[in-house]
Amino acid sequence: MKQSDLHDLLIKDFDYYKEGKNAQYIPALSQVDPKQLGIALYNLQANELQTCGIPEKSANVRFAIESISKVPVLLLAINDNGLDGVFSHVDAEPTGFSFNSLLNMQIEQRKYPLNPFVNQGAIVVNSLLKGKNSDERFARILDFMKEIFNDNDITLNEEVYHSESKTGDINRSIAYYMKGNGIWNGDVEDVLDSYFKQCSVNVNAIDLANLGALLANGGVAPWNGKRIVSEESATIVKSLMLTAGLYDESGDFSMRVGVPTKSGVGGGLMSAVPGKYGIGIFSPAIDKPGNSVAGMKLLHDVVQELNIDIFA
């Protein structure tokens, strides 16, 4: 895509941030400037990265990864336990409920969390990582993220972590509900500590495009040719992203955009177009389900401009 065409799309979609609002239930996120829209586009066929932003450097701005962290942590858990070892503890079904709801488990009397991308499933997945405690698990998560994002400067955002931990009572209720009902037997406070940390890692749109490119390339890092995850793992994660990556907005998004994507309430979007592109977008104002408003508009327009159809 021509740089001028990409910039025109950003100009077209920038003002959609006004239709959203920063996540208010995590105080540190509510303070982020909503007037930002950045994109990074990794073209696998040309093996090149393209960035654009309003303001200009928005693709380089660090922000909290939030629920997009569920993708690398799931991949790491599969590396540790194998596919059967993970999916014997969590299902792979989409949900019509919000990402932090327990209603599906209560109404359907489910034996396992619905999928790895709702909070109940993500907490269980975190507990499956190798490591004796929160510190060991998070150290492994951070090292893996540095590799899978191709960014050694990734760090924990301490402010967001403390904000997550202080306001994380819904996640505590989810974890204690699962433990109290025999669905899970993990150490609630220890696992939640590493879970809050995984959600509080600082990334940028370029990092997300790199991860999208790795998944689009079947688990092989296009920047160095190294296989980091199996092709089967990459395929399964892309499938989950398509069906559950945007929570209860996933069905409408799949119909209108149709690209495997994972969102985070920090305003990030990470997409993988098999064999073609990795896409990372950042704009912090989100809609009610928790997805970036301007980011979703921009992703839709980029997919249209590039004539992407993964089902063709």
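Asparagine 307 is exposed, with a relative accessible area of 67%. This is a predicted model, and asparagine 307 sits in the segment after helix H13 (293-305). Its phi is positive, about 55°, although asparagine 307 is not a glycine.

**Backbone details**

Asparagine 150 also deserves a look: its phi is near 55°, a positive value in a residue other than glycine. Asparagine 150 belongs to the loop between helix H6 (134-148) and H7. With a relative accessibility of 42%, asparagine 150 counts as partly exposed, because partly exposed covers what lies between under 20% (buried) and over 50% (exposed).

A glycine with positive phi turns up too: glycine 182 follows H8 and has a phi near 70°. Then there is a cis peptide bond, running from isoleucine 54 to proline 55, with omega near -10°. Proline 55 is placed in the loop between strand S2 (48-54) and strand S3 (63-64).

**Helix pairs**

| Pair | Axis separation | Crossing angle |
|---|---|---|
| H3 (70-87) and H5 (119-127) | within 9 Å | roughly 40° |
| H1 (3-13) and H13 | 9 Å | about 145° |
| H6 and H9 (188-199) | within 9 Å | roughly 25° |

Let us start with H3 and H5, whose axes cross at roughly 40°. That angle makes H3 oblique to H5. H3 passes H5 in a left-handed crossing. On the H3 side, the residues that meet H5 are Lys70, Val73, Leu74 and Ala77, and their partners in H5 are Asn119, Ala122, Val125 and Asn126. Sorted by class, this contact of H3 with H5 has five nonpolar, two polar and one charged residues. As background for the spacing of such residues, an α-helix has 3.6 residues a turn, so residues three or four places apart point the same way.

H1 and H13 pack at an angle of about 145°, and H1 passes H13 in a right-handed crossing. From H1 the contact takes Asp5, Leu6, Leu9, Leu10, Lys12 and Asp13, while H13 supplies Ala294, Lys297, Leu298, Asp301, Val302 and Glu305. By class, the contact of H1 with H13 has six nonpolar and six charged residues, with no polar ones.

The axes of H6 and H9 cross at roughly 25°. These two helices are therefore roughly parallel to each other. H6 passes H9 in a right-handed crossing. The contact is formed by Ser134, Asp135, Arg137, Phe138, Ile141 and Met145 of H6, together with Asp190, Val191, Asp193, Ser194, Lys197 and Gln198 of H9. The residues of this contact of H6 with H9 divide into four nonpolar, three polar and five charged.

**Helix spans and buried residues**

Helix H11 (residues 231-244) has 14 residues and reaches 20 Å from its first C-alpha to its last, close to the 20 Å expected at 1.5 Å a residue. Its buried residues are Ser233, Ala234, Val237, Lys238, Leu240, Met241, Leu242 and Ala244. What covers the buried residues of H11 includes H3, helix H10 (205-216), helix H12 (250-256), strand S5 (261-263) and strand S6 (268-273).

Helix H8 (residues 169-180) has 12 residues, which should span 16 Å at 1.5 Å a residue, and its end C-alpha atoms are 16 Å apart, in agreement. The buried residues of H8 are Asn171, Arg172, Ile174, Ala175, Tyr177 and Met178.

**Two individual residues**

Valine 160 has its place in helix H7 (residues 158-166). With a relative accessible area of 4%, valine 160 is buried. Valine 160 and isoleucine 26 are 134 residues apart in sequence, yet 7.7 Å apart in space, C-alpha to C-alpha. Setting aside neighbours within four places in sequence, valine 160 is in contact with Ala28, Leu29, Ala64, Glu66 and Ser200.

Aspartate 287 belongs to the loop between strand S7 (277-282) and H13. At 21% relative accessibility, aspartate 287 counts as partly exposed. Aspartate 287 and tyrosine 277 are 10 residues apart in sequence and 25 Å apart in space, C-alpha to C-alpha. Beyond its neighbours within four places in sequence, aspartate 287 is in contact with Glu249 and Val293.

Note on methods
Residues are numbered from 1 along each chain as its sequence is written. This is a predicted model: local features need pLDDT of at least 70, side-chain atom pairs count only at pLDDT 80 or more; totals for chains, interfaces and linings use all residues. Side-chain values use heavy atoms; hydrogens and water are left out. Axes are lines fitted to C-alpha atoms, for helices over the stretch in contact, and angles run from 0 to 180 degrees between N-to-C directions. Helices (H or I, at least four residues) and strands (E, at least two) are DSSP runs, numbered from the N terminus. Angles under 35 degrees count as roughly parallel, over 145 as roughly antiparallel, 65 to 115 as roughly perpendicular and the rest as oblique. A crossing is left-handed if the near helix is turned anticlockwise from the far one by less than a right angle, and right-handed if clockwise. Contact means heavy atoms within 4.5 Å. Ala, Val, Leu, Ile, Met, Phe, Trp, Tyr, Cys and Pro count as nonpolar, Asp, Glu, Lys and Arg as charged, and the others, Gly among them, as polar. The expected span of a helix is 1.5 Å times one less than its number of residues. Buried means under 20% relative accessible area, exposed over 50%, partly exposed in between (1.4 Å probe, protein chains only).
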